[in-house]
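User: Could you walk me through how to read strands, sheets, packed helices and ring pairs in a model like this one?

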Amino acid sequence: VNVVHVARYAAHDGNYRALLPQSPMTLPTPVSYNSPMKAASPKPKVSWGNTSVANNKHEPIRSALSPQRSALSPHRGARHIEAALHSEREDFHIASEPKELVEAPFESWEGILDLLESGSIALVRGSWLQANARVGRAMPSRQEIPDAAAAAAAAAAFWRPDDLRSAPRRPHVIAVSYAWLSEGHADPEGRHFRYLSDLLSSYSDHINRAEGECQLAVYLDWCSMYQEPRSSDQQRSYEAALSSIDVLFSHHSTQVWQLPTVLPGQEPYSNRAWPFAHNALASLSGKSKVILNLEGVDPANVSWNQIWLERRICNPPQPPDEVATTLKDKWSPRAQDQALLESMYRKAYESFVANVVRYDCSNSGWADKECGALCRTLPQCQNLRVLDLQGNQLGQPAATVLIKLLPSLDKLEELDVSNNRIPENSVSELEESWNRLNKPSRSLYLRPQRSVSRPDMRLNDVMEGLPSVPGGEHIRGDPPSVSGGGEEVRGDTPSQSPPPGPVVDTYIEEPHLTLMPGEPR
């Protein structure tokens with residue numbers, strides 16, 4: 001019976017309460033991947049099957065199968081069904097606790113509620129934006145929008161914290177990144193206003209069909225913060241808002257919608273400081289964050305499933321010094337914006353690297369270049385336990401960099417680089433390095449790999465800018481075992497070339513469907 005239910009659980013992706021037989025036992029609450037762990041007691045955690053409880057969202061199934069087992073690895077298909085049914089001969093090991101983890105503002109829903117409690121930033125109701133955009137007016141500033149406290153509940157423009165707490169379903173929070181169309185007014189003719197209204201209307205219809213009635217909460221800077229001319233109280237609120245914007249754009253529970261359209265002759269969206277900072281903040285969370293580039297999308301003729309597949313963006317996080325350097329070349333209407341944005345990003349980045357436990361960038365289309373960019377941040381993530389890189393285009397250069405980084409990632413317990421384009425010799429070296437560090441072998445996923453092609457970058461290019469690791473030398477240069485005497489690794493070297501004979505694509509793709517939030521599975 002347990003075999004059947006575990007298999008059905010894997011097929012239904014988590015509806016364990018509907019699938020398990022009725023029993024008097026109480027199923028524990030799953031541990032969220034995106035929430036940092038807190039030590040409930042000084043007792044060390046014990047892992048079953050060499051997989052830590054800390055990274056386990058399928059804990060209820062494990063508990064139902066056997067009270068002695070303390071964790072089941074995240075679902076990876078049939079191999080984890082086998083792991084769940086493995087005998088009690090599995091070896092046990094003690095999982096070390098993370099250092100001083102606290103719940104970061106970008107992970108807790110309370111972080112958004114606290115932001116609204118302060119009054120510095122307001123979230124506008126999607127229904128209000130849609131209704132007022134149809135009138136054909138310019139985008140109103142926050143001062144021009146009726147105060148939600150004085151308006152009838154049904155017609156209120158802003159979400160109050162109590163409304164969010166009492167809502168039967170948590171609203172979808174959307175932070176809009178766009179280019180102002182004039183110096184004194186973000187959208188004097190209502191172009192962005194009407195286009196955003198059409199997008200919100202289409203998105204609402206999609207979500208309502210998928211999961212029932214759901215409301216939207218929108219951050220739009222012109223409407224969400226006080227604009228000039230401001231009173232003294234409004235100025236203080238505005239200054240407080242500037243120091244809190246990072247929470248909205250980096251928060252796991254928000255989506256970031258990019259509206260890059262500008263008028264002819266204006267500075268492009270991609271060359272502006274504020275949109276660059278918005279997107280750098282959003283990129284901190286990997287695939288936990290939804291970033292959509294909606295330029296040119298016609299919501300009347302394109303489905304949101306198609307938008308989700310074709311317009312979603314996932315970029316690696318950037319170190320603060322790189323962001324500061326790039327900001328110098330970006331355009332901003334005010335000279336002080338660069339220092340403000342640099343400080344804002346540095347604060348968010350430090351919170352991210354101190355608290356991230358699981359980083360997921362699977363199936364993101366990343367190649368060696370993106371992996372090299374990620375590896376400039378990984379050595380600072382000293383509480384990182386799970387790194388998911390499966391389903392990308394990583395090759396030998398990326399694998400070599402990961403091998404060099406492993407000793408610096410003390411807490412890393414699970415690594416998935418399957419379904420990439422890593423050659424077998426690099427796969428073996430990565431496995432040897434993992435085992436040499438006494439990391440749990442059952443939490444390393446290396447195979448299958450797709451057919452090996454020429455790497456898109458040289459190894460030294462991937463390693464460019466990598467930081468020093470604690471207790472080790474600077475991570476640069478080619479290892480002798482890979483490059484053979486210090487030569488650069490190129491795509492036409494013998495170690496990179498596929499073996500003689502026909503190339504067989506060993507990539508095995510499990511059936512899956514990328515879904516919108518709330519889409520029925």
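This is a predicted model: local features need pLDDT of at least 70, side-chain atom pairs count only at pLDDT 80 or more; totals for chains, interfaces and linings use all residues.

User: Which strand does S11 pair with, and how many bridges join them?

Analyst: Two strands pair if DSSP finds at least two bridges between them; strands (E, at least two residues) and helices (H or I, at least four) are DSSP runs, numbered from the N terminus. Here, 2 bridges join S10 (residues 414-416) to S11, and the two run parallel. They belong to an open sheet of 4 strands, ordered S8-S9-S10-S11, with parallel pairing. Its edge strands, pairing on one side only, are S8 (358-360) and S11 (444-445).

User: What is the strand order in the sheet with mixed pairing?

Analyst: That open sheet has 5 strands in the order S3-S5-S4-S6-S7. Within it, S4 (residues 172-178) and S6 (residues 254-259) pair in the parallel sense over 6 bridges.

User: How do I read two packed helices?

Analyst: Two packed helices are described by the angle between their axes and the distance between the axes. Axes are lines fitted to C-alpha atoms, for helices over the stretch in contact, and angles run from 0 to 180 degrees between N-to-C directions. Take H14 (residues 320-327) and H15 (residues 337-355): their axes come within 10 Å and cross at roughly 160 degrees. H14 and H15 are therefore roughly antiparallel (over 145 degrees). At the contact, residues of H14 including Pro-320 and Leu-327 meet residues of H15, among them Tyr-345 and Arg-346.

User: How many aromatic pairs are there in the whole structure?

Analyst: Rings of Phe, Tyr and Trp (its six-membered ring) pair if their centres lie within 6.5 Å. The search finds 7 aromatic pairs. In one of them, Tyr-203 and Trp-304 have ring centres 5.0 Å apart and planes at 70 degrees, so the pair is edge-to-face (planes over 60 degrees apart). Tyr-203 sits in H8 and Trp-304 in H13 (residues 304-311), so this pair ties together parts 101 residues apart in sequence.

Key. Residues are numbered from 1 along each chain as its sequence is written. Side-chain values use heavy atoms; hydrogens and water are left out. Angles under 35 degrees count as roughly parallel, over 145 as roughly antiparallel, 65 to 115 as roughly perpendicular and the rest as oblique. Contact means heavy atoms within 4.5 Å. Rings of Phe, Tyr and Trp (its six-membered ring) pair if their centres lie within 6.5 Å; planes under 30 degrees apart count as stacked, over 60 as edge-to-face and the rest as tilted.
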